[in-house]
Amino acid sequence: MPSPFDEMRTRGSAVSMFLASLGLVSFAAAQPVLPAAPQEPPAGMIWVPAGEFTMGSDRPEARPDERPAHRVRVDGFWIDATEVTNKQFAAFVEATGYVTTAERKPDWEELKKQVPPGTPKPPDEVLVAGSLVFTPPARAVDLRDFSQWWSWTPGADWRHPQGPESSIDDMEDYPVVHVSWEDANAYCRWAGRRLPSEAEWERAARLGHDAEQYAWGTELTPGGTHMANIWQGAFPYRNTQEDGYVGAAPVGSFPPNEIGLYDMAGNVWEWTSDRFRTDTYAERAKRIKPGGFADNPAGSAETADPRNPWAGDSRVQRGGSFLCHASYCESYRPSARMATPPDTGLSHLGFRTVRTPEMAAHEDAPDQPTEQGR
Ligand SMILES: [Ca+2]
Ligand SMILES: [Ca+2]
């Protein structure tokens, strides 16, 4: 089985052999070591070394937007070991008084730009603060019609994930949900972080298992171990919860990946910074020279999202969620992509953050203007 260190072993072999010939190192004693992070890691974050990997997939189960597989290189960065939790998001709201998108009354002037021209304005009692909540139907339904299991729920927001009667009491360590892309970015600005690009996210998820089907290898449940909080049974009406959870789980409830990141498959979807287009990879691959790679790709300049054809913007999520099942999307695969307009929250959608040495250096420099000072 390949490991995250294979790349380093290969690259380091010539130097190692030279040093061994001088008696300075012993192969028997040598331990594979990832390149060191440039500074002490920020609390709760893991260093992802710069490097190349295979992004996307040409495997049979890959959907058109995951194709073709292509080589990508990203710079090093730190990434949260877990999804951002309710406790962490509460600290941000406490400090800033921030009000999330789901807690604000929708603006029809904005909404109507995202629906077919001529769509009548909904009645005022419908145009209230709320969010989309997964509501399982009683029986099998047409899997092409996601309105069968998503309900616009007035009063649903990050503090009330199932609607106004629900709460997050005793859920401090659960991933925050019902956060829009705009909310996630507001949190990042406050925390001195940013969202990962799609490429950064996939590099972090796959490290050590390049081009394999799952972030941990080739079997969904190796040795019978559930590696991710996903859906067992029949989607979307019967969840046998063999992995122990019908909905979200506290972060870190399942085994980490090779570099110590939790829930990079399943639990809740995670926002990235990239705009979505179905043909992002097809267009990118055309520009990669033979033997070359795309360097720190940042997504498409414009959105083209067939799931939300009227939306002027749509941002990528990664990793799948507790709703993912092989019969529907298998989106717990590290190459799987989903997209949602940036003003939308969902009960299975959260995020994690990244930080780079450049961001840290900028903050540490005493003579740099502050955000407010510019
Ligand atoms: Ca589950
Ligand atoms: Ca996740």
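**Terms and values in the model**

Guide: Of the 374 residues in the protein chain, 39% are buried. The model is predicted: local features need pLDDT of at least 70 and side-chain atom pairs pLDDT 80 or more, while totals for chains, interfaces and linings use all residues. Residues are numbered from 1 along each chain as its sequence is written, and chains are lettered from A and ligands numbered from 1 in the order in which they are written.

Visitor: What makes a residue buried, exposed or partly exposed?
Guide: A residue is buried if 20 or more other C-beta atoms lie within 10 Å of its own, exposed if 12 or fewer, and partly exposed in between, with C-beta atoms placed from the backbone.

Visitor: Why is Q241 called partly exposed?
Guide: Q241 has 14 other C-beta atoms within 10 Å, so partly exposed is the class that applies. Q241 sits in the loop between β8 and β9, and its phi is positive, near 40°, though it is not glycine.

Visitor: What makes N296 partly exposed?
Guide: N296 counts as partly exposed because it has 13 C-beta neighbours inside 10 Å. N296 has a phi of about 45° and is not a glycine; its place is the loop between β10 (294-295) and β11 (315-318). Most residues other than glycine have a negative phi, and most peptide bonds are trans.

Visitor: Which peptide bonds are cis?
Guide: One is the bond from R67 to P68, with omega near -10°; P68 lies in the loop between β2 (51-55) and β3 (70-74). Another joins F235 and P236, with omega about 0°, and P236 is in the loop between β7 (233-234) and β8 (238-239).

Visitor: How many helices and strands does the chain have?
Guide: The chain has seven helices and 14 strands. Helices (H or I, at least four residues) and strands (E, at least two) are DSSP runs, numbered from the N terminus.

Visitor: How do you know that α5 is mostly covered?
Guide: Nine of the nine residues of α5 are buried. Among them are E198, W201, R203 and R206. G208, with a positive phi near 95°, follows α5.

Visitor: Why is strand β5 described as largely enclosed?
Guide: In β5 (residues 130-134), four of the five residues are buried, so the rest of the structure largely encloses the strand.

Visitor: What makes β5 and β6 paired strands?
Guide: Two strands pair if DSSP finds at least two bridges between them. β5 and β6 (residues 150-154) have five bridges and run in the antiparallel sense. F134 has W150 in β6 as its bridge partner.

Visitor: Why are β1 and β14 at the edges of their sheet?
Guide: That open sheet has the order β1-β4-β14, with antiparallel pairing. β1 and β14 (354-355) each have a single partner strand, so one side of each lacks a neighbour in the sheet. β1 is joined to β4 by four bridges, and M45 has D80 in β4 as its bridge partner.

Visitor: What is the strand order in the sheet of four strands?
Guide: The order is β12-β11-β9-β13, an open sheet with mixed pairing. β12 (337-340) and β13 (349-350) are its edge strands, each pairing on one side only. β9 (residues 269-275) and β13 run parallel, with two bridges; W269 is the bridge partner of L349 in β13.

Visitor: Why are α2 and α4 called roughly perpendicular?
Guide: Helices α2 (residues 86-96) and α4 (residues 181-191) pack at about 75°, with axes 10 Å apart. The term covers 65 to 115 degrees; under 35 is roughly parallel, over 145 roughly antiparallel and the rest oblique. That makes α2 roughly perpendicular to α4. Axes are lines fitted to C-alpha atoms, for helices over the stretch in contact, and angles run from 0 to 180 degrees between N-to-C directions.

Visitor: Which residues of α2 and α4 meet?
Guide: F89, F92, A95 and T96 in α2 meet Y187, W190 and A191 in α4. Contact requires C-beta atoms, placed from the backbone, to lie within 7 Å.

Visitor: What makes a set of residues a nonpolar core?
Guide: A core consists of buried Ala, Val, Leu, Ile, Met, Phe, Trp, Tyr and Cys residues joined through C-beta atoms within 7 Å. The largest has 59 residues, and I46, I79, A184 and A204 have the most contacts inside it. A second, separate core of five residues includes F53, M55, V72 and V74.

How values were computed. Contact = placed C-beta atoms within 7 Å.
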